[in-house]
Amino acid sequence: MSTHWLPSLPPARARAVIDRFASAVVLVVGDVMLDRFIVGRVTRISPEAPVPVVLHDHDEVRLGGAANVAHNIAALGGTARLIGVVGPDEDGRVLRASLETRHLDAAGLVTAPDRRTTTKARVVTTRNQQVARTDYETDHTLSADKESA
């Protein structure tokens with residue numbers, strides 16, 4: 001049984017597809033989120049519970065969800081039009097600033113006052129092992145006026 005599930009693309013056809021990336025405009029609609037990474041090294045096991053104690057080294061913030069998809073489209077040379085919802089919070093401001101830094105259009109982001117910006121916070125070790133993840137999100141139905149926007 002073959003492990004290849006994608007059809008083979010002849011090199012000339014692949015080059016033709018890649019050359020068209022610059023003219024591609026892609027609409028990305030979805031869960032716009034921020035990925036936070038709290039990075040450190042495990043120094044010991046906690047005496048309070050059998051969990052690792054992570055000695056903090058640094059934090060990282062990345063675009064997540066639909067925002068990451070838009071970033072990847074732009075990295076391939078295309079233009080992404082991003083539509084999603086963020087909250088009126090610090091993570092929403094950080095997300096918008098991250099989009100701006102990468103020259104990605106944030107005009108399609110709607111700020112909903114009753115929501116928080118979806119954020120996935122991961123505690124990871126310097127060896128790239130994920131220890132825990134905390135999700136910050138609002139999952140109730142979007143109001144009709146914000147959905148319309």
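Me: Contact here means heavy atoms within 4.5 Å. Leaving aside its neighbours within four places in sequence, which residues is Thr 118 in contact with?

Reply: Quick heads-up: this is a predicted model, where local features need pLDDT of at least 70, side-chain atom pairs count only at pLDDT 80 or more, and totals for chains, interfaces and linings use all residues. Residues are numbered from 1 along each chain as its sequence is written, and side-chain values use heavy atoms, with hydrogens and water left out. Now, with neighbours within four places in sequence set aside, Thr 118 has contacts with Val 32, Met 33, Leu 34, Tyr 136 and Glu 137.

Me: Is Thr 118 buried or exposed?

Reply: You'll find Thr 118 in strand β6, which covers residues 118–125; helices (H or I, at least four residues) and strands (E, at least two) are DSSP runs numbered from the N terminus. Under 20% relative accessible area is buried, over 50% is exposed, and anything in between is partly exposed, using a 1.4 Å probe and protein chains only. Thr 118 comes out at 14%, so it counts as buried.

Me: Which strands stand at the edges of the open sheet of 4 strands?

Reply: This sheet runs in the order β3-β2-β6-β7, with mixed pairing. Two strands pair if DSSP finds at least two bridges between them. A strand with a single partner has one side left without a neighbour in the sheet, so the edges here are β3 (52–65) and β7 (130–136).

Me: In which sense do β2 and β3 pair, and over how many bridges?

Reply: In general, strands of a sheet pair through backbone hydrogen bonds, and the pairing can be parallel or antiparallel. A hairpin of 6 residues joins β2 to β3. Along the pair, Arg 41 has Leu 55 as its bridge partner, and Ile 45 sits opposite Pro 52. Strand β2 (residues 32–45) and β3 are paired in the antiparallel sense, over 13 bridges.

Me: What is the order of strands in the open sheet of 3 strands?

Reply: The pairing in this sheet is parallel, and the order is β1-β4-β5. Its edge strands, each pairing on one side only, are β1 (25–29) and β5. The twist averages 15 degrees from one strand to the next; such angles run from 0 to 180 degrees between N-to-C directions, with axes as lines fitted to C-alpha atoms, for helices over the stretch in contact.

Me: Which residue in β5 is the bridge partner of Val 86?

Reply: β4 and β5 pair in the parallel sense over 3 bridges. Follow the pairing from Val 86 into β5 and you land on Thr 111.

Me: Which strands does helix α3 (residues 90–101) lie across in the sheet with β2?

Reply: Start with its direction, which is at about 105 degrees to β2. The strands that α3 lies across there are β2, β3 and β6.

Me: At about what angle does α2 run to β4?

Reply: Helix α2 (residues 66–75) lies across β2 and β3, and its angle to β3 is about 65 degrees. It also lies across β1 and β4, where its angle to β4 is about 170 degrees.

Me: How far apart are the C-alpha atoms of Val 69 and Val 32?

Reply: Val 69 has its place in helix α2, and it's partly exposed at 40% relative accessible area. Along the chain, Val 69 and Val 32 are 37 residues apart. Their C-alpha atoms are separated by 9.3 Å.

Me: Is His 103 buried or exposed?

Reply: Look in the loop between α3 and β5 (109–111) to find His 103. Although His 103 is not a glycine, it has a positive phi of about 60 degrees. With 75% relative accessibility, His 103 counts as exposed.

Me: What is the phi of Asn 128, about?

Reply: Asn 128 lies in the loop between β6 and β7. Its relative accessibility is 69%, so Asn 128 counts as exposed. Asn 128 isn't a glycine, yet its phi is positive, at about 70 degrees.
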